[in-house]
Amino acid sequence: MLHSADPKLTVDHVTFWLEHLVDMGEPFSILVRDMGSFKKLTSRFPRLQICYAEAPVDVESVVNAHESLNVVLYTSNMPKNIHLLRFNHLRHIFIGTKNSDWLSSFNKSYRAYDEFWAGGEFVIDRFKEAIPHTAHLKFHIVGKPQLQEIFKKEQNSRKGLVLLFDSDESILYKVYGANRFFSEDIHILNKINKSTENKLKDILKVQSSRNNISFYEKNMIEGLVKTASYLITDIKNLTPYLLAYGIPILLYQPEKHKIDLPHYPEIESSLYLWHDAEELEAVLGKLAEGDDELKMIREEMADRFFNFKFTLNNEFAKRILINR
Amino acid sequence: MKKLRLLVTDPKLFIKKVLIKPHLIKPNPIKAHYQFNPFERYTHMIHTGENVTGLSHLDLWIPQFLLADIDMIVMTRNHELFEAVKAKYPQISILYAKGAGEVRYYMERLIELKACFYPSNTGNNLHLLMQNQIQHIFIGHGDSDKTASAHKYFRVYDENWVAGEAHIDRFRNEGFDFSGLKQVKVGRPSLEDTLKHSETPWIERFEGELRLLYLSTWEGFFKEQNYTSAYMMRDFFEEMHEKNIFDRIDVKLHPWIGRRDESLLLFPKWLTELFQSGDTQATVHDKGIPVETLIKGSNVFICDISAVISESLAADGPIFVYIPKDTKIRLTQSKMMYGDYAYTFSTTDELVEKIEEVILKHNDYLADKRKEAMEYILGRDETLQEEFIKKLKEL
């Protein structure tokens with residue numbers, strides 16, 4: 001059973017795992033704790049077994065109705081999880097979601113679970129640093145099955161750069177300026193309004209650009225990075241997930257020599273940092289010559305977060321089958 | 001649109017709900033405090049996530065914290081409860097925090113806090129458990145062997161302060177790994193008086209009077225969880241009324257009795273009417289009266305399966321426990337079963353038979369086992385040695 005109790009994010013959390021639960025081929029149920037999520041999910045996935053339980057007594061009814069239930073997977077650590085955690089005959093496994101490995105504040109309440117399934121070593125180290133005494137809690141690395149296709153992709157024939165940024169328009173002009181010698185296509189992932197988009201296009205046309213500049217919604221990133229050479233971003237959009245794409249990440253620093261990554265400071269060593277068009281041009285120049293000096297660090301870092309081997313070997317599905 | 005539709009379809013209701021009601025109802029605050037000084041060194045906090053019914057839990061512990069003379073504070077998550085605690089314990093500092101944000105607000109100001117104590121398991125305990133820098137100690141609200149008392153969620157706490165060895169055995173027998181949870185025996189401090197009082201043999205208390213206390217449970221959310229004897233006690237009380245065995249009968253029903261089966265709401269009235277004639281002094285007490293008060297005044301007990309069995313045990317008089325016949329009873333297991341130290345029954349005839357044997361024929365054959373249970377279940381020695389207060393001060 002997949003349990004999700006965050007009324008704002010349940011639909012996202014369930015959708016994140018759904019494909020991989022279905023692919024397993026084992027029967028499963030979904031239990032949600034708010035009516036809004038229940039309605040959205042049942043409408044979107046009418047063939048799935050989805051339950052809604054409001055109060056502890058309702059959860060008990062659901063558990064009693066599932067005679068062969070023996071494993072519960074939790075996407076988030078919420079107060080309502082307690083209603084299921086009191087069933088001792090069930091195995092309680094925390095699996096988290098897309099960003100939980102680095103955004104969750106690990107605390108003693110996670111000791112309620114029997115197992116913690118991690119994307120990679122990174123989150124286990126974070127966890128143990130926050131809570132040294134974990135006694136019974138079993139940690140298993142399962143990778144991120146959602147990244148399987150990305151990890152399988154070919155590295156050849158790449159071109160273009162993906163620009164993922166928010167608010168500070170000056171970054172666009174700096175990128176444009178640095179790119180004038182390289183003429184890479186620029187794919188801009190930024191939800192800006194149409195008039196601003198048109199204004200930017202007009203300004204860039206006036207600059208006699210030979211570049212092809214196009215604008216996309218942020219959720220199209222995975223399609224674009226599959227063929228792009230580089231990823232340029234700002235701190236606001238930086239997450240370890242970007243490491244999974246396997247291409248150089250060029251991080252814009254608004255203020256030189258100052259960078260603050262509270263949740264994952266260690267990834268700084270895998271990033272090319274730049275502040276102005278001149279610095280960016282220098283980085284792009286080296287990369288164009290094939291000098292990607294951070295490639296190995298980047299791959300090691302990605303492995304620490306997502307574990308390539310376990311992701312590609314379907315460790316998540318294997319663990320589910322062990323526990324059934 | 002909703003309001004517009006209401007105006008068109010039901011103008012009177014529109015006026016009541018939209019125009020008048022919002023101004024009459026004062027919205028509850030999201031945080032409040034009473035006698036809270038952030039410059040004070042509060043070291044111990046009791047956190048309850050219950051609604052106003054949580055006052056009975058706090059009644060068990062606040063007096064003990066006060067006796068320990070430590071810098072304590074209480075945090076509630078329900079505004080009604082906050083007001084109730086304020087009214088009952090005006091001498092202590094109290095906080096009310098509605099959500100996680102409000103908890104964080106106060107925790108940032110409780111910089112000397114060493115430990116948070118939890119009388120019950122509620123989901124919103126999570127907001128405190130996020131504070132890794134303090135100790136989290138579960139203290140409970142009465143010994144119980146229902147399945148709610150020993151489950152995996154307890155592993156979130158650093159320590160579980162239990163009455164006696166029985167509760168630790170309940171965890172062991174549930175078969176899951178709780179090796180990270182430190183179990184600490186502290187006895188039942190709220191029963192200290194009752195335990196001291198019970199040093200006089202039950203038959204000699206109250207100048208030879210026989211005083212029966214009947215403590216029922218309620219009928220449960222589901223039929224399968226119906227442990228109440230209330231349905232069959234009518235015949236029993238009619239027989240007691242005829243035979244006049246007891247000098248006094250006190251009855252305290254569970255606060256929730258009749259919640260699922262409304263016919264049980266008539267039970268108190270029926271009992272009161274039955275005993276109006278006859279020589280037996282019989283009282284059906286208010287559901288809110290503390291059990292300890294009644295237990296100290298009785299020497300024979302009839303109980304349903306619930307925490308009151310342990311409370312009655314402290315008085316060291318014969319206990320008769322109702323075991324429903326056709327109901328699967330889900331209990332956590334310790335080394336002593338009810339039948340080891342209490343006289344169990346499933347029918348009125350069985351109960352009457354055992355009452356006659358034990359009480360009238362003076363054959364209290366479980367007396368020794370009862371003494372053993374007092375130590376094993378209640379932690380009699382720890383209680384009388386005030387172990388709870390010692391542990392509080394050690395932190």
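Predicted model: local features only at pLDDT ≥ 70, side-chain atom pairs only at ≥ 80, totals over all residues.

Colleague: Is the pair of Phe38(A) and Tyr52(A) stacked, edge-to-face or tilted?
Modeller: Their ring centres are 6.0 Å apart, with 40° between the planes. Planes under 30 degrees apart count as stacked and over 60 as edge-to-face, so this pair is in the remaining class. Phe38(A) belongs to helix α2 and Tyr52(A) to strand β3, so the pair ties together parts 14 residues apart in sequence. The class is tilted.

Colleague: And Lys309(A), buried or exposed?
Modeller: Lys309(A) is in helix α13 of chain A. Exposed means over 50% relative accessible area. Lys309(A) has 55% relative accessibility, so it counts as exposed.

Colleague: Which helix gives the largest share of the lining of the second largest pocket?
Modeller: That pocket has a volume of about 1500 Å³ and is lined by 49 residues. Helices of chain A and chain B each supply at least two residues of the lining, including α5 of chain A and α6 of chain B. The largest share is eight residues, and it comes from α1(A).

Colleague: Which ring has the charged end of Lys98(A) over it?
Modeller: Lys98(A) is among the residues nearest the centre of the second largest pocket. Its charged end sits 4.8 Å from the centre of the ring of Tyr241(A).

Terms used
Residues numbered from 1 in each chain as written. Chains lettered and ligands numbered in written order. Heavy atoms only, no water. 1 Å grid on protein atoms, 1.4 Å probe; cavity = no way out; pocket = protein on both sides within 12 Å on 5 of 7 lines; lining within 4 Å. Points joined across faces, edges and corners; volume = space filled by probe spheres on them. Helix = DSSP H or I, 4+ residues; strand = E, 2+ residues; numbered from the N terminus. Buried < 20%, exposed > 50% of the residue type's maximum accessible area, 1.4 Å probe, protein only. Phe/Tyr/Trp six-rings, centres within 6.5 Å; stacked < 30°, edge-to-face > 60°. Lys NZ or Arg CZ within 6 Å of the ring centre and 35° of its normal.
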